[in-house]
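Colleague: Let's go through this model by question and answer. Please put it up first.

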Amino acid sequence: MLTEVVEISENELDGKALEELSRAGEIIRAGGLVAFPTETVYGLGGDALNPDSSRKIYAAKGRPSDNPLIVHVYRFEDVEEIVSEVPETARKLAKAFWPGPLTMIMNKNHKVPYETTGGLDTVAIRMPNNKIALKLIEKSGGYIAAPSANTSGRPSPTVAKYCVEDLSGKIEMIIDGGQVGIGLESTIVDLTSDVPMILRPGYITLDMLKEVLGEVTIDKTIIDSTSTQKPKAPGMKYRHYAPKGQLMIVQGKQEDVVSFINEETKKAMQEGKRVGVIGTDATRKLYNADVVKSVGDRADESTVAHELFKVLREFDDENIDVMFSESFDDSGIGQAIMNRLLKAAGHNVKVL
Ligand code: TXA
Ligand code: MG
């Protein structure tokens, strides 16, 4: 299949852009697949109410079909059409955070096929905060199922180039809307339990949810790396975000981290390996490795979220065998950053 790549700027949805989005919408209505930007990461979209589209999404990603998809809507009233009941908590959260990087899990009704929910009776729903995405959902009939637009297991794409790398030849169209704003996938909160529970940390933090709802918990299995229990979001059990090389996270005082990484780098380079280091703006100049990249400013962790997946992908582009990364604070959005980084490293952490 030939994959068409279309460039659209979010701030310039002119006649031509709208025409292309109508065409993309037609593709999805007809059962085809289109990758598109959201504010979190790029999504691989198909008609959420068409079981064949969901099957195609799993095939294109090489994703296990017990791992449910998120349904994207462009207006709140469409949620009512696909769930058995809209909980009061969902109304409050939508008011506070939609459109935005928050996915809510509710009980589904018969309109959502089990192919989309991986066999579950619940459905994950989100309204993305990106004009291209919202217009595409509208043109596609209102419900787009979209996982991140990467081959299963690889870091999620935050620029269109990596959608092309993973999905070219497998889907009808890729919409290039530039680098996404947030860079990490949405926060997932389960509203079907007595107390709402975070199943995947993201840009909307535990404290932000508590401010709106009062009591909120977090699935222990995603913060405790020694837990043997199954995470509640099926997707969280799989190996994820993994670069091709081997990644180690180094935790400790800054100067200790820098000297440990430099020493290990030297050893690995002597063994003929290509070594990459993930540092920050303040430390990048202190490392000696084949490739050193900054993921941003430690004092503003949203810059780290924005760059992390891109940097992991770039190390793949540069055929890096071994990588070392600094560690980040585990509070606020840092919780989401560390969740993704730990998965990318297969929980390989050196504590100094
Ligand atoms: O930011 C995002 O959420 C991006 C963009 C494209 O919107 N999408 C995304 O989708 O990250 P995906 O498929 O890569 O991750 C969806 C996660 C998986 O871990 C899946 O197991 C979980 O959501 N999930 C989906 N439906 C669920 C359900 N009914 N119950 C529990 N977990 C669910
Ligand atoms: Mg994903």
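Modeller: Angles under 35 degrees count as roughly parallel, over 145 as roughly antiparallel, 65 to 115 as roughly perpendicular, and the rest as oblique. Axes are lines fitted to C-alpha atoms, for helices over the stretch in contact; angles run from 0 to 180 degrees between N-to-C directions. Helices (H or I, at least four residues) and strands (E, at least two) are DSSP runs numbered from the N terminus. The model is predicted, so to speak of local features takes pLDDT of at least 70 and side-chain atom pairs count only at pLDDT 80 or more, while totals for chains, interfaces and linings use all residues. Residues are numbered from 1 along each chain as its sequence is written, chains are lettered from A and ligands numbered from 1 in the order written, and side-chain values use heavy atoms, leaving out hydrogens and water.

Colleague: How do the residues in the contact of helix 7 with helix 11 divide by class?

Modeller: Contact means heavy atoms within 4.5 Å. Lys-161, Tyr-162, Glu-165 and Asp-166 of helix 7 meet Lys-310, Arg-313, Glu-314 and Asp-317 of helix 11. Ala, Val, Leu, Ile, Met, Phe, Trp, Tyr, Cys and Pro count as nonpolar, Asp, Glu, Lys and Arg as charged, and the others, Gly among them, as polar. The division is one nonpolar, no polar and seven charged.

Colleague: Is the crossing of helix 11 and helix 12 left-handed or right-handed?

Modeller: These two pack at about 20°, with axes 9 Å apart. That makes helix 11 roughly parallel to helix 12. A crossing is left-handed if the near helix is turned anticlockwise from the far one by less than a right angle, and right-handed if clockwise. The crossing of helix 11 and helix 12 is left-handed.

Colleague: Which residues of helix 11 and helix 12 make the contact?

Modeller: By class, this contact of helix 11 with helix 12 has eight nonpolar, one polar and two charged residues. Helix 11 brings Glu-301, Val-304, Ala-305, Leu-308, Phe-309 and Leu-312. Helix 12 brings Gly-334, Ile-337, Arg-340, Leu-341 and Ala-344.

Colleague: At what angle does helix 12 run to strand 12?

Modeller: Helix 12 (residues 334-344) lies across strand 12 (246-251), strand 15 and strand 16. The angle to strand 12 is about 135°.

Colleague: Which strands stand at the edges of the five-stranded sheet?

Modeller: Two strands pair if DSSP finds at least two bridges between them. This open sheet has the order 14-13-15-12-16, with parallel pairing. Each edge strand has a single partner, so one side of each is left without a neighbour in the sheet. They are strand 14 (291-294) and strand 16 (349-351).

Colleague: Which residue in strand 15 is the bridge partner of Gly-276?

Modeller: Strand 13 (residues 275-279) and strand 15 (residues 322-326) pair in the parallel sense over four bridges. The partner of Gly-276 is Met-323.

Colleague: What is the strand order in the sheet of 11 strands?

Modeller: This sheet is open, and its pairing is mixed. The order is 1-8-2-3-7-4-6-5-9-10-11.

Colleague: What joins strand 9 to strand 10?

Modeller: Strand 9 (residues 187-190) and strand 10 (residues 197-200) pair in the antiparallel sense over three bridges. Asp-190 has Met-197 as its bridge partner, and Val-189 stands opposite Ile-198. The link runs through six residues, and is a hairpin.

Colleague: What handedness has the β-α-β unit of strand 10, helix 8 and strand 11?

Modeller: Strand 10 and strand 11 pair in the parallel sense over two bridges, and Ile-198 has Ile-218 as its bridge partner in strand 11. A crossover is right-handed if, with the strands pointing away from the viewer, the path from the first strand over the helix to the second runs clockwise. This unit is right-handed.

Colleague: Which peptide bond is cis?

Modeller: Most peptide bonds are trans. Here one has omega near -10°. Pro-99 sits in the loop between helix 4 and strand 5 (102-107). The cis bond runs from Trp-98 to Pro-99.
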